[in-house]
Amino acid sequence: MSLDTRVRTTNVVLLHGQPGDRSDWDAVTALLPGSIPALALDRPGYGDNPEPAGTIEDNARWLLDRLDREGIDSTVLAGHSYGGAIALAAATLAPRRVRGLVLVASVGPGCLTRWDELLAAPVAGAALAVTAWSVLPWLARKSLDHNHSRTPNTLHLLGGVHHRHGAVWRSFLSEQRELFDGLDRWTERLSDIPIPALILADPADKVVPISTSHALCEQLPCARIELVNGGGHHLPRRLPAAVAARIGEFVDSLE
C-alpha cells in the first residue's frame with residue numbers, strides 16, 4: 001500500500017502471532033471480498049520488519065505509528081494469537097482509531113500454561129528457543145518431503161518463520177517472557193474497550209484454551225464468539241475461507 005497524504009480508512013489490518021509473519025494471512029486476504037481492503041503487516045522481530053521484538057505496548061505504539069504513516073484514520077484490527085494482544089492494546093491506547101476487533105485464537109485471560117512458563121524461563125527458555133529454531137527449518141523440510149498430501153502441519157507452519165534482520169529465537173523468547181510480564185496489564189482493562197469484537201476459536205485449540213476465548217467474550221463489553229472447528233490454533237492458515245468469510249461479515253456489520 002502506498003503512502004498517501006489524504007486520511008483514509010482501510011477496512012482491516014491483520015496482525016500475525018508469535019512466531020509468524022504477514023504471510024500467515026495470505027490465504028485469508030486472497031479470499032476477502034474485493035470491497036474490503038486489507039493490509040497484513042510483519043510485526044517487529046519478524047519477516048521483513050527491521051525493528052527488534054518488543055513489549056505488547058511497544059508493538060501497539062509501532063502499529064499506531066504505522067497507521068499514521070500509511071494515512072489510515074481508523075480500521076478493523078484482526079489479530080491471531082499474540083497479535084490479538086497487540087490489537088487489544090492498540091484499542092486501549094487509541095480507541096477512536098479502531099472500528100472493530102477480530103480476535104482469532106487470541107491470547108487472553110488464563111491462556112498461559114506450565115509449558116509457557118518453561119519457555120519463558122531465564123536459562124531453560126533461551127536454551128529451548130535456540131535449539132528449536134536451529135532444527136525447526138530442517139525438520140519442516142524433511143517432514144514436507146514425506147507429506148504427500150502437502151497439508152501443512154504445525155511443523156511446516158513454524159519452520160518457515162524468519163526474520164531478515166535478526167534471529168527468530170530472540171523474538172520468540174522476548175515475546176514469550178512478555179506474556180508473563182505484560183499481558184495481565186492489558187487483560188485487566190478489557191472492560192474499558194467498548195468496541196465491537198468478534199472472537200474466533202476452535203474448541204480443540206491446544207495452544208490457547210477455549211476458556212480464554214470465552215473469557216475474552218465475557219469481559220469485552222461488545223463481543224461475540226463464533227466457534228470454528230477443525231483448524232486448531234492456526235486458523236488463518238488451515239481454515240482461511242472460514243476466517244475470511246467471518247471477517248467479511250463482521251466488517252459489513254460495522255457499516
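**Surface, cores and second largest pocket of the chain**

The accessible surface of the chain comes to about 11500 Å², and carbon and sulfur atoms account for 54% of this area. The model is a predicted one, and its secondary structure consists of eleven helices and six strands. Of the 255 residues in the chain, 52% are buried.

In soluble globular proteins, nonpolar side chains tend to be buried together. In the present model, the largest nonpolar core holds 38 residues, of which Leu-63 and Leu-101 touch the most other members. Helix α3 (residues 82-93) provides the largest share of this core, with eight residues. Apart from this core lies another, of 21 residues, which includes Leu-14, Leu-198, Ala-242 and Val-243. When residues up to four places away in sequence are not counted, Leu-101 touches Val-76, Leu-77, Ala-87, Leu-88, Ala-91, Ile-193, Ile-195, Pro-196, Ala-197, Leu-198 and Phe-250.

Strand β2 (38-41) and helix α2 (56-70) each contribute at least two residues to the lining, with α2 supplying the largest share, three residues.

Key: Residues are numbered from 1 along each chain as its sequence is written. This is a predicted model: local features need pLDDT of at least 70, side-chain atom pairs count only at pLDDT 80 or more; totals for chains, interfaces and linings use all residues. Side-chain values use heavy atoms; hydrogens and water are left out. Helices (H or I, at least four residues) and strands (E, at least two) are DSSP runs, numbered from the N terminus. A nonpolar core is a set of buried Ala, Val, Leu, Ile, Met, Phe, Trp, Tyr and Cys residues joined through side-chain atoms within 4.5 Å. Buried means under 20% relative accessible area, exposed over 50%, partly exposed in between (1.4 Å probe, protein chains only). Contact means heavy atoms within 4.5 Å. Accessible areas come from the Shrake-Rupley method with a 1.4 Å probe; for residues, only the protein chains shown count as cover.
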